[in-house]
Amino acid sequence: MIEKMQFVSITGPKTDIDRMVDKYLSRYEIQLENALSELRSVKDLRPITEVNPYRELCGEAASLAEPLKAGSPETGSLPEVSLDEAMDTVTRISSDLKAWDQEKNTLEQRVESLEESRARISPFTDLNYNLSTILHFKYIRFRFGRIPKEYFQKFTDYVYDTIDTVYYKCSEDEEYVWIVYFVPESISKKIDAIYASMHFERYLIPDEYEGTPLEAGEALDQKIGDMKNRIADLENKRRECLEKNRDAILAAAARLERYDKNFNVRKMAASTTHKSSTFYILCGWMTKNQAAAFREEIKNDPDVFLIVEENHGNVISKPPTKLKNPGIFRPFELFIRMYGLPSYEELDPTILIGITYSFLFGFMFGDAGQGLCLLAGGFLLYRLKKMSLAAIISCCGFFSTIFGLLFGSVFGFEDVITPLWLRPADAMTTLPFIGKLNTVFVVSISIGMGIILLTMVLNIINSLREKDAEKLWFDTNGVAGLVFYGSLVLAVVLFMTGHVLPGSAVLAVMFGVPLLLMFFKEPLTAFLEKKARTAAPGGKAMFVIQGFFELFEVLLSYFSNTLSFVRVGAFAVSHAAMMEVVLMLAGAEAGSPNWLVVVLGNLFVCGLEGLVVGIQVLRLEYYELFSRFYRGSGREFKPYGKAGA
């Protein structure tokens, strides 16, 4: 079913729009439409162009609330705060946190610098000499650095004794030897060149150390430790502040988020000025019940006014579609949305597809045992995951169980219970002019003819609502098609039941007139609508030829669409045949079946055939039912607010 919609216009002082949206509109479902487009007849309408004042604070509040959301209380249990309180809370806490974060960043940069200094001096900790003294030598030059091990050995063996320098080995690792060498100032350039030829890499030691390298390193470690402790204190201070103000922050974030979102309604609103006052105008679609509740709530509010447009013909936009079906049929809305939502004036086929899909699936997959498995499995999966498809499977399993009892089949065993109706593979019916035919084929074709007639009636109702004369009277699924196909069905029933003369009379009287109406549908439609008919392309001859082939296609489609329902009976027979093969492989005929094979075979058949049958039934729904009466051209109801929020 489709809920009744009403087009409403809401107006009030422009300065009051945020309060109105927060207090009222956010708790109701309304699909907003562009007021400038909808209210073209209203003069002096202007768009509302304002900068969102809540955007920045809302972002800050969201970043504050993010680490607090885990294990946070429900929104309804948070304290109610005003907008000013929310803005003050976020501003105050953000200011404190920014100050602490800035101090923390400064300390982290200082720690990084000290750690670089510590890393620079660490290879020279074995040098037991005051660095400050070394760094201030007047006539002696010093160089801190490292030499690759292979070159260091060559240097000590062949070079060191031949030049005026002294080095001190501080440490070494797998690749390098770390040294400090000293050289008189007068020959420093020459000695530096010799060391460079030995791949000496110089390290610049800044003048910031006191004592020996070991003492300087310990002093740096102490400074780094103290600063890291201060950083940890700032982090604890930050955490404590957030925890202490948890509820206030979450409440402020919720309030600012609402106002930030509510501010966006201005994109759909318009403003107008009357005398010295400026008013906003919002318009959109609400369900009839919601509109009545909204009107009742604002009746004592002097700053909010509601206008309901009863005549949809005066509204530019088409009403959106909001489906409202009984709970048992609601999962089948999945198939409706896959095909396309019904337009507002169209019939909602959800209940029809819910009944026919489950019924046809059960007929094609009639097994009481497997049906119960589908029923229970789908129900549990729906309860756990809330999957619409799981609920559909459960409904199909219910009908499969019923038809399993009618067919006398339990997990493929047909000797456990007596069928309440027939055995699909064995039951035969003798028909005049045809002979013996499987009963389930006859029943499935009969069901198909009944469904086709029903869809024709639904098409007539939809066409009447849309005021489409051609589809109503002369379409293959309109009145002409219903009379023609209904007459054929009646004639077939009379012939099959031995009433040849009445059947012939019905066929003779009703066969020609509906076809003629369908043949001349274009000129007849123009006559009914009192429109001038344009000449057919190609003249009268082309009109006759085109009409003839269209009628031939119509007759062929009636025949093929009816035979399409044979698959319903065919799958009922094939299911019994597949389970017979499973039981034969399990050795059931010998009286002691292999139960592992029985279980695996049932699982295989249940999964594979269940999937195939589900697809085939959906194909029948879309191509044999929906294509006759359903347009699926509606637009979904997308409310700005949410009821009960």
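When I say contact, I mean heavy atoms within 4.5 Å. Keep that in mind for what follows. And one caution: this is a predicted model.

Let's start with G371. G371 sits in helix α13, which covers residues 368-385. Is G371 buried or exposed? G371 is buried, with a relative accessible area of 0%. So what does G371 touch, leaving aside its neighbours within four places in sequence? G371 is in contact with G397, S400 and T401. Now take L39. L39 is 332 residues from G371 along the chain, and their C-alpha atoms are separated by 56 Å.

Stay in this part of the chain for the aromatics. The structure holds 39 aromatic pairs. One of them is F359 with F403. That pair is edge-to-face. The ring centres are 5.2 Å apart, and the planes make an angle of 75 degrees. Where do the two residues sit? F359 is in helix α12, residues 350-364, and F403 is in helix α14, residues 388-407. They are 44 residues apart, and the pair links distant parts of the chain. Now look at accessibility. F359 is partly exposed, at 30% relative accessible area. F403 is buried, at 6%.

There is also an aromatic cluster. Which residues form it? F152, F155, Y160, Y167, Y181, Y195 and F200. Two charged residues lie over ring faces. R146 lies over the face of Y176, 3.8 Å from the ring centre. K154 lies over the face of Y151, at 5.2 Å from the ring centre.

Next, strand β1, residues 5-13. How many of its nine residues are buried? Eight are, so the strand is mostly covered. β1 has two pairing partners to look at. With strand β9, residues 277-287, β1 runs antiparallel, and nine bridges join the two. For example, M5 has T287 as its bridge partner in β9. With strand β10, residues 305-309, β1 also runs antiparallel, joined by five bridges. There, V8 has V308 as its bridge partner.

T11 has 18% relative accessibility, and the cut-off for buried is under 20%, so T11 counts as buried. The side chain of T11 has a polar atom 2.7 Å from the backbone oxygen of Y280. Now leave aside the neighbours within four places in sequence. T11 is then in contact with F279, Y280, I281, D303, V304 and F305.

Now the charges. How many salt bridges does a search of the whole structure find? The count is 32.

First, K322 and E29. Their side chains meet in a salt bridge, at 2.5 Å from N to O. K322 is in the loop between β10 and α11, and E29 is in the loop between α1 and β2. They are 293 residues apart, and the pair links distant parts of the chain. Are K322 and E29 buried or exposed? Both are buried.

Second, D260 and R55. The closest N and O atoms of this salt bridge are 2.9 Å apart. D260 lies in helix α9, residues 246-263, and R55 lies in helix α3, residues 55-65. D260 counts as buried, at 13% relative accessibility. R55 counts as partly exposed, at 44%.

Third, E333 and R337. This salt bridge is 3.7 Å, N to O. Why are these two separated by about one helical turn? Because they are four residues apart in helix α11. E333 has 8% relative accessibility and counts as buried. R337 has 41% and counts as partly exposed.

Finally, the network. Which residues are linked in it by salt bridges? K14, D18, E50 and R266.

Find G371 in helix α13, in contact with G397, S400 and T401. Find β1, joined to β9 by nine bridges and to β10 by five. And find the salt bridge of K322 with E29, where both residues are buried.

Note on methods:
Residues numbered from 1 in each chain as written. Predicted model: local features only at pLDDT ≥ 70, side-chain atom pairs only at ≥ 80, totals over all residues. Heavy atoms only, no water. Buried < 20%, exposed > 50% of the residue type's maximum accessible area, 1.4 Å probe, protein only. Pairing = 2+ DSSP bridges. Phe/Tyr/Trp six-rings, centres within 6.5 Å; stacked < 30°, edge-to-face > 60°. Lys NZ or Arg CZ within 6 Å of the ring centre and 35° of its normal. Salt bridge = Lys/Arg side-chain N within 4 Å of Asp/Glu carboxyl O. Polar contact = N/O pair within 3.5 Å; in protein donor to acceptor, adjacent residues only side chain to side chain.
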